[in-house]
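This briefing is intended for a reader who has the sequence and the model at hand.

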Amino acid sequence: MSDKIASVRSLIMLFAAIIFASTLFDAIYGFKNLIQPGISLVYNAIGTQLAPNMVTLVVFDWRGFDTLGESLILVTAVLVVLLIFGKGKILDKNINADIDSVNDNEGDDE
Amino acid sequence: MAEGKKSPNWNKDDSSPILKIMTLPIAFIMIALGIMTILGGHITPGGGFQGGAMIAGGIIFCVIVYGVDDTPLKLSHRFISTLESLVALAYVLLGLAGLALTGSFLYNIGGNLYGAVPQAIAAIFSYPDVTHAGIVPYLNIAVGLKVLVGLSAIVIAFSKFKKLAEEE
């Protein structure tokens, strides 16, 4: 049973890797056409029509997608801290009790 | 020390009374400064990340001085997870609104620099201000809340780990 799950999982991993790799290589191949030289000059000229502070405009308007990933890094850091050091100990006692009972039930089934 | 004089009752594990009196006002000042930094993100240097870190500094100060259980600015587990998820969702939804209306993710709908959105829709997302910053202040607020919750969650987690290690 576990072998079957592992093989299905590696198949899914394979497809995900293929999709990711092909997208990445396609992006690298077609990147030449996406580059617009001087876009920074254009943005510097028109950006201050939005708000006076250019730094925040670059961070949140022009590169808003980057900022989304940047703030998700912090979430990942918290998750890794809880995962490595906590191992589920940090939860409230009530939630912990639920998890303990679930774990006990699973243990009974096996 | 003389035999008759008694030092005040003071648990060695507690922090000093001076710190206990001074920390809460200082933390409030730090939090107020952080809120100011977040709300003025589009007109002054700084922004969501910096302001959120300042607010988290106030909360972390309280956690360190008063202890994680007795801190007056207590963030519960449920509050942290709910705020983190809601704010991340708000950021992504603002981006998706731009994607739906103009075809580019995180297009500044309120600012409407390229005139890709009708004026009626742009007025909804526009920040009520003398500037035409659009959705930038909303993204500032979202990132600020996210950073505040994330940074304080790490410190709260570490202080609870210390307590658990002492119990074991």
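The axes used below are lines fitted to C-alpha atoms, for helices over the stretch in contact, and angles run from 0 to 180 degrees between N-to-C directions. The model described here is predicted. In general, two packed helices are described by the angle between their axes and the distance between the axes.

**Packing of helices across the two chains**

- The axes of helix 3 of chain A and helix 5 (residues 136-167) of chain B lie 10 Å apart, and the two helices pack at an angle of about 85 degrees.
- Angles of 65 to 115 degrees count as roughly perpendicular, and helix 3 of chain A and helix 5 of chain B are therefore roughly perpendicular to each other.
- On the side of chain A, the residues of helix 3 that take part are A:T56, A:L57, A:F60 and A:D61, which meet B:V136, B:L139 and B:N140 in helix 5 of chain B.
- Sorted by class, this contact of helix 3 of chain A with helix 5 of chain B comprises four nonpolar, two polar and one charged residues.

**The interface between chain A and chain B**

- Contacts between the chains involve 29 residues of chain A and 32 residues of chain B.
- On the side of chain A that touches chain B, helix 3 (54-62) and helix 4 (64-86) of chain A each supply at least two residues.
- Helix 4 of chain A gives the most to that side, with 13 residues.
- The side of chain A that touches chain B has 19 nonpolar, seven polar and three charged residues.

**Architecture of chain A**

- Chain A holds five helices and zero strands, and its pattern along the sequence reads α-α-α-α-α.
- Of the 110 residues in chain A, 12% are buried.

**Positive phi values in chain B**

- B:L106 is not a glycine, yet its phi is positive, at about 60 degrees.
- B:L106 is placed in the loop between helix 3 (77-102) and helix 4 (119-125) of chain B.
- A residue counts as buried if 20 or more other C-beta atoms lie within 10 Å of its own; B:L106 has 24 such atoms within 10 Å and is therefore buried.
- B:N112, also a residue other than glycine, has a positive phi near 55 degrees.
- The loop between helix 3 and helix 4 of chain B contains B:N112.
- B:N112 is buried because 21 other C-beta atoms lie within 10 Å.

Technical notes:
Residues numbered from 1 in each chain as written. Chains lettered and ligands numbered in written order. Predicted model: local features only at pLDDT ≥ 70, side-chain atom pairs only at ≥ 80, totals over all residues. Contact = placed C-beta atoms within 7 Å. Helix = DSSP H or I, 4+ residues; strand = E, 2+ residues; numbered from the N terminus. Nonpolar A, V, L, I, M, F, W, Y, C, P; charged D, E, K, R; others polar. Parallel < 35°, antiparallel > 145°, perpendicular 65-115°, else oblique.
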